[in-house]
Amino acid sequence: MKTVYSPLHAGHAGQMELVTSAIVPGFEKPSRAEFIRARVESEKLGPIIGPVEHDLAAAKRVHSADYIDFLPTVWPRWTAEGHKGSAMAFTWPTRGLRGDVPPQRIDGLLGYYSFDAGATFVEGTWAAIKSSYEVALTAAELVKAGEPAAFALCRPPGHHAGAAFMGGYCFINNAAVAAQWFLDQGARRVSILDVDYHHGNGTQEIFYGRGDVQVINLHGDPMTEYPFFLGHADEHGIGEGEGFNLNYPMPFGTDWDGWNASLEDACAKLAAYAPDVVVVSLGVDTFEKDPISQFKLTSADYPKIGRRIARLGLPTLFVMEGGYAVEEIGINAVGVLTGFEDR
Ligand code: OKP
Ligand code: ZN
């Protein structure tokens, strides 16, 4: 299959991250995408192509226009106010506070448009966000044009970004953009299968009231794992979306057997929904050696995931999300893709 990749991701570098009482170098770093690209090449997965330029109209189909228009202004405003280092939110409008009034200063606006301190900006961040979005759309176009599958090597990732908020390293929800784009191109139903270790709270929020996108998440139980405030098994969707959101929270220590049982159930529900296309939010932070995660999948398990998804027999777009064991991220991510191709 073809891979879509942009070198512009690399400008999103040197971000700092708040981790349990310390500000440390971000886990979501450029080498992640470079290890994956190198493995795509060494495994001869297929051609690597650059993204086609797109305006932001497709992003505004799943995000609010004011949120999307805000993103390119963050770094210029942050520096204009004299700040140095990563632009990062520190105050959020939670219960009892006014979440409906955008403040005037960038410090406040960052909180207004986020749910945590995890989506940080440096100088090259907006260009990276835009290129990641274009990578997803370009790969979606390949699938629309008849390729059985395509790989969007997105960085930064997207599944924590909601209609009007960023967080968890995510800004534009690339998988959600692609799913909506398929619908706008004539698909009747789309399934999003999110296998990243963390619950894709943004994707769930965007489609929660919708029956034309089935959202399935396999993830660490939010009772004990980030993002903590969404991803429970009793979240089924609402209104038209009732029954079309499925969560499979799993405990720390989950290995292939436990995880695969969830995948099997998820694939049965996906097949019953009979979508025209599947968008896989492909995170490989379920890996046993991932530095921020608590599942126990091994490198030998990733091709099995790809093989199972291939058995659905549906056009499939893979969109890169998380994975922080950088030495093995290429082996694991590309392992899913070669497994999908049954080789
Ligand atoms: C992004 B993706 C802070 C831990 C929070 C944020 C994790 C974001 C994961 N002590 N870390 O889903 O891989
Ligand atoms: Zn993750």
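How many bridges join strand S1 (residues 2–4) to strand S5 (residues 149–152), and do they run parallel or antiparallel? S1 and S5 run parallel and are joined by 3 bridges. Within this pair, Lys2 stands opposite Ala150 in S5. Helices (H or I, at least four residues) and strands (E, at least two) are DSSP runs, numbered from the N terminus, and two strands pair if DSSP finds at least two bridges between them.

This is a predicted model, in which local features need pLDDT of at least 70, side-chain atom pairs count only at pLDDT 80 or more, and totals for chains, interfaces and linings use all residues. Residues are numbered from 1 along each chain as its sequence is written, while chains are lettered from A and ligands numbered from 1 in the order in which they are written.

## Sheet and hairpin

S1 and S5 belong to an open sheet of 8 strands in the order S4-S1-S5-S10-S9-S6-S7-S8, with parallel pairing. Strand S4 (48–49) and strand S8 (245–250) are the edge strands, each pairing on one side only. Helix H5 (residues 125–144) packs on the sheet and touches S1, S5, strand S9 (277–282) and strand S10 (316–320). The direction of H5 makes about 175 degrees with that of S5. Axes are lines fitted to C-alpha atoms, for helices over the stretch in contact, and angles run from 0 to 180 degrees between N-to-C directions. Residues are in contact if their C-beta atoms, placed from the backbone, lie within 7 Å.

Strand S2 (residues 16–19) and strand S3 (residues 22–25) run antiparallel and are joined by 4 bridges. Glu17 stands opposite Val24 in S3. The two strands form a hairpin with 2 residues between them. Thr20, in the loop between S2 and S3, has a phi near 40 degrees, a positive value in a residue other than glycine.

## Helix packing

Two packed helices are described by the angle between their axes and the distance between the axes.

| Helix pair | Angle between axes | Axes apart |
|---|---|---|
| H1 (residues 31–42) and H10 (residues 326–340) | about 45 degrees | 8 Å |
| H5 and H6 | about 35 degrees | 9 Å |
| H9 (residues 302–310) and H10 | about 40 degrees | 6 Å |

With an angle of about 45 degrees, H1 is oblique to H10. Angles under 35 degrees count as roughly parallel, over 145 as roughly antiparallel, 65 to 115 as roughly perpendicular and the rest as oblique. H1 passes H10 in a right-handed crossing; a crossing is right-handed if the near helix is turned clockwise from the far one by less than a right angle, and left-handed if anticlockwise. Among the residues making this contact are Phe35, Ile36 and Val40 of H1 and Ile329, Ile331 and Val334 of H10. By class, the contact of H1 with H10 has 9 nonpolar, 2 polar and 2 charged residues. Here Ala, Val, Leu, Ile, Met, Phe, Trp, Tyr, Cys and Pro count as nonpolar, Asp, Glu, Lys and Arg as charged, and the others, Gly among them, as polar.

The crossing of H5 and H6 is also right-handed. Its contact residues include Tyr133, Leu137 and Lys144 of H5 and Val177, Trp181 and Phe182 of H6. They divide into 8 nonpolar, 2 polar and 1 charged.

H9 passes H10 in a right-handed crossing. Residues of H9 including Tyr302, Ile305 and Ile309 meet residues of H10 including Val336, Leu337 and Phe340. The contact of H9 with H10 has 8 nonpolar, 5 polar and 2 charged residues.

The peptide bond from Arg155 to Pro156 is cis, with omega near 0 degrees. Pro156 lies in the loop between S5 and helix H6 (174–184). The bond from Tyr226 to Pro227 is cis as well, with omega near 5 degrees, and Pro227 is in the loop between strand S7 (213–220) and S8.

Notes:
Contact = placed C-beta atoms within 7 Å.
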